[in-house]
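My entries follow in the order I looked things up.

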Amino acid sequence: MERVAIIGASMTQFGQREGEWITDLLAEAGIECLGDAGVDADDVDHLYVSNMASGEFEGQTGVPNALAHDLDAMPAYTQRIDQTSSSGGAGIYAAWQSVASGASDMTLLVGGEKMTHKTTGEATDVIASLTHRAEYKTGVTLPSFAGLTARHYLERFDAPRESLAKVASKNHKNGVDNPKAQFQKEVDVETILESPIIADPLRLYDFCPITDGSAALMLCPESVAKEYTDEYVVISGIDGATDTHVVHEREDPTVMGGVVESGKGAYEMSGLGPDDIDVAELHDMFTILEFLQMEGLGFAEHGEAWKLVEEGYTERDTGELPINTSGGLKSKGHPLGASGVAQAVEIYEQLMGEAGPRQVDAETGLCCNVGGFGNCVITTIMEAAQ
Amino acid sequence: MTMDATRYENGSISYPGHPRGPGGSNPAETIDLSEYTAEVITWTTSTATPPGVREPNHLAIVEFDVDGESVRAIGQLTTGDVETGDTVQPVHVDELREPGAGIREPESQDWDGYRFEPV
């Protein structure tokens with residue numbers, strides 16, 4: 001099977017995009033990605049849109065077809081990919097499949113979400129609607145799951161509360177150098193620990209913001225990539241997996257089975273292991289998730305990710321494994337359908353040497369995109385083309 | 001009013017029940033968890049709640065022991081004054097969240113149910 005290459009990437013400004021709607025954001029990222037890849041819209045065979053809830057957020061459906069028209073990409077085949085917060089990662093998997101199967105020689109993936117016109121409560125409710133009704137009727141929210149899990153983790157592994165704050169502080173620090181991040185501001189541990197409680201023991205700065213934004217990738221067979229450029233990135237491993245829909249039914253609340261299984265699959269496909277990864281983008285929608293993914297992906301032993309964070313192992317400029325050099329969802333923002341795509345955009349830029357002040361020494365990168373509270377997960381491993 | 005869990009043919013129990021249980025096992029019977037006490041596994045107090053949900057919302061994941069078989073459930077707490085390991089019992093309430101608020105159709109979320117109260 002021929003390897004699948006990424007030959008272009010783009011990302012809009014993340015944040016509050018007042019007066020712009022999902023179709024505007026998708027078109028902006030799509031046009032920029034076409035330009036970055038040097039591909040004519042006519043040459044796009046498949047056009048995928050990763051989006052969780054444009055219908056619920058703004059009453060807008062049919063966005064893939066709208067985007068095809070806005071980009072003048074007809075008669076490209078279009079499809080919407082919804083896998084809640086991991087819609088972006090699922091879009092990468094779908095785009096990869098379209099190319100790897102031979103169905104498409106040029107696939108444009110655009111992820112996006114428009115959220116900030118809703119109140120925090122309304123947006124939280126749209127997201128919480130993914131839960132089982134036995135959960136939803138209690139008023140549980142995704143942040144509540146994070147609070148429940150964080151308390152269990154801290155108590156069981158005797159981890160200091162400050163270790164979670166250090167995740168947030170690190171990612172905010174990284175976000176300072178990302179001009180497209182929603183927040184480009186350092187936040188110290190003390191401020192984080194004194195911020196308002198949202199889901200005890202987690203506080204405001206343990207959570208990502210509500211965000212508008214879009215990101216895009218251009219995928220094609222490696223042989224086609226070489227017609228466009230000498231420098232590109234390949235997807236060497238990718239897999240998706242699910243865990244229980246009902247979160248409390250998991251045997252161990254500190255293990256996300258979807259992370260473990262998708263990671264295993266991606267490692268197996270790539271022939272690589274955790275020690276081979278130079279840089280990673282993890283789904284830090286809540287600080288506790290960075291611990292659970294580090295452990296599920298084999299970067300840390302179970303119950304010990306917090307120790308690596310304390311030791312500075314995940315710091316961008318001095319750590320052994322820089323995590324969330326983009327600022328992560330925490331600082332960059334989390335427009336649901338765009339986030340998984342934006343993770344891959346960061347890894348693409350790192351592997352291409354285009355990350356500017358965020359640049360680390362990397363030839364292999366990983367991104368892990370989590371839907372629900374670990375209900376569905378996509379792990380992708382990317383390598384600079386040799 | 002009951003708090004129904006499902007016991008499957010292989011003896012495992014889940015709350016809520018599913019059309020197929022672990023290992024593809026079929027449902028065999030329902031068990032009313034409201035007749036049992038449970039242990040708090042973890043808890044939180046949520047202060048950023050969606051429309052129609054009380055604020056603050058005290059929540060816990062608890063574990064019941066049903067004849068030696070453990071089954072976990074999530075639910076609201078009657079108080080935020082709890083600790084991990086506390087024993088709680090389900091107490092019935094007429095309304096868990098306001099059905100007219102939120103994204104779902106009101107008729108689809110008109111729920112009574114149970115909160116967990118420390119024993």
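Predicted model: local features only at pLDDT ≥ 70, side-chain atom pairs only at ≥ 80, totals over all residues.

**Entry 1: the core of chain A.** Next I went for the largest nonpolar core, which has 152 residues. Which of them touch the most other members? I got Ile6(A), Leu217(A) and Leu219(A). As for elements, helix α15 (residues 336-352) of chain A gives the most to this core, nine residues. In general, nonpolar side chains tend to be buried together in soluble globular proteins.

**Entry 2: Leu219(A) up close.** I picked Leu219(A) from that trio and found it in strand β7 (residues 213-221) of chain A. Buried or exposed, I wondered about Leu219(A)? Leu219(A) counts as buried because it has 29 C-beta neighbours inside 10 Å, and the cut-off for buried is 20 or more. I left aside the neighbours within four places in sequence and listed the contacts of Leu219(A): Val4(A), Ala5(A), Ile6(A), Ala95(A), Trp96(A), Val99(A), Thr107(A) and Leu109(A). Ile6(A), one of those partners, is also one of the residues that touch the most other core members. I also checked Leu219(A) against Ser98(A): they are 121 residues apart in sequence, and their C-alpha atoms are 9.2 Å apart in space.

**Entry 3: two helix pairs in chain A.** Helix α1 (residues 22-37) of chain A packs on helix α3 (residues 63-70) of chain A at about 50 degrees, with the axes 10 Å apart. That angle makes α1(A) oblique to α3(A). I have their crossing down as right-handed. On the α1(A) side I found Ile22(A), Thr23(A), Leu26(A), Ala27(A) and Gly30(A), which meet Val63(A), Ala66(A), Leu67(A) and Asp70(A) in α3(A). The classes for this contact are six nonpolar, two polar and one charged.

The other pair I looked up was helix α11 (residues 257-270) of chain A with helix α12 (residues 287-296) of chain A, at about 40 degrees and with axes 8 Å apart. Here too the angle makes α11(A) oblique to α12(A). The crossing of α11(A) and α12(A) is right-handed. Val259(A), Val260(A) and Gly263(A) of α11(A) make the contact with Leu292(A), Gln293(A) and Gly296(A) of α12(A).

Entry 4: I looked up cis peptide bonds. One runs from Asp200(A) to Pro201(A), with omega near 10 degrees; Pro201(A) sits in the loop between β5 (197-199) and β6 (202-203) of chain A. Another joins Tyr15(B) and Pro16(B), omega about 0 degrees, and Pro16(B) is in the loop between β2 (13-14) and β3 (27-32) of chain B.

Asp72(A) has phi near 55 degrees and lies in the loop between α3 and β3 (77-81) of chain A. Asp72(A) counts as partly exposed because it has 13 C-beta neighbours inside 10 Å. Asp158(A) also has a positive phi, about 55 degrees, in the loop between α7 (142-157) and α8 (161-175) of chain A. With 8 C-beta neighbours inside 10 Å, Asp158(A) counts as exposed.

**Entry 5: Gly312(A).** My last stop was the loop between α13 (305-311) and α14 (328-332) of chain A, where Gly312(A) lies. Gly312(A) is partly exposed, given 13 other C-beta atoms within 10 Å. Not counting residues up to four places away in sequence, Gly312(A) touches Thr318(A) and Gly319(A). Gly312(A) and Thr211(A) are 101 residues apart in sequence and 28 Å apart in space, C-alpha to C-alpha.

Note on methods:
Residues numbered from 1 in each chain as written. Chains lettered and ligands numbered in written order. Axes fitted to C-alpha atoms, helices over the stretch in contact; angles between N-to-C directions. Helix = DSSP H or I, 4+ residues; strand = E, 2+ residues; numbered from the N terminus. Parallel < 35°, antiparallel > 145°, perpendicular 65-115°, else oblique. Left-handed = near helix turned anticlockwise from the far one by under 90°. Contact = placed C-beta atoms within 7 Å. Nonpolar A, V, L, I, M, F, W, Y, C, P; charged D, E, K, R; others polar. Core = buried A, V, L, I, M, F, W, Y, C linked by C-beta atoms within 7 Å. Buried ≥ 20, exposed ≤ 12 C-beta atoms within 10 Å, placed from the backbone.
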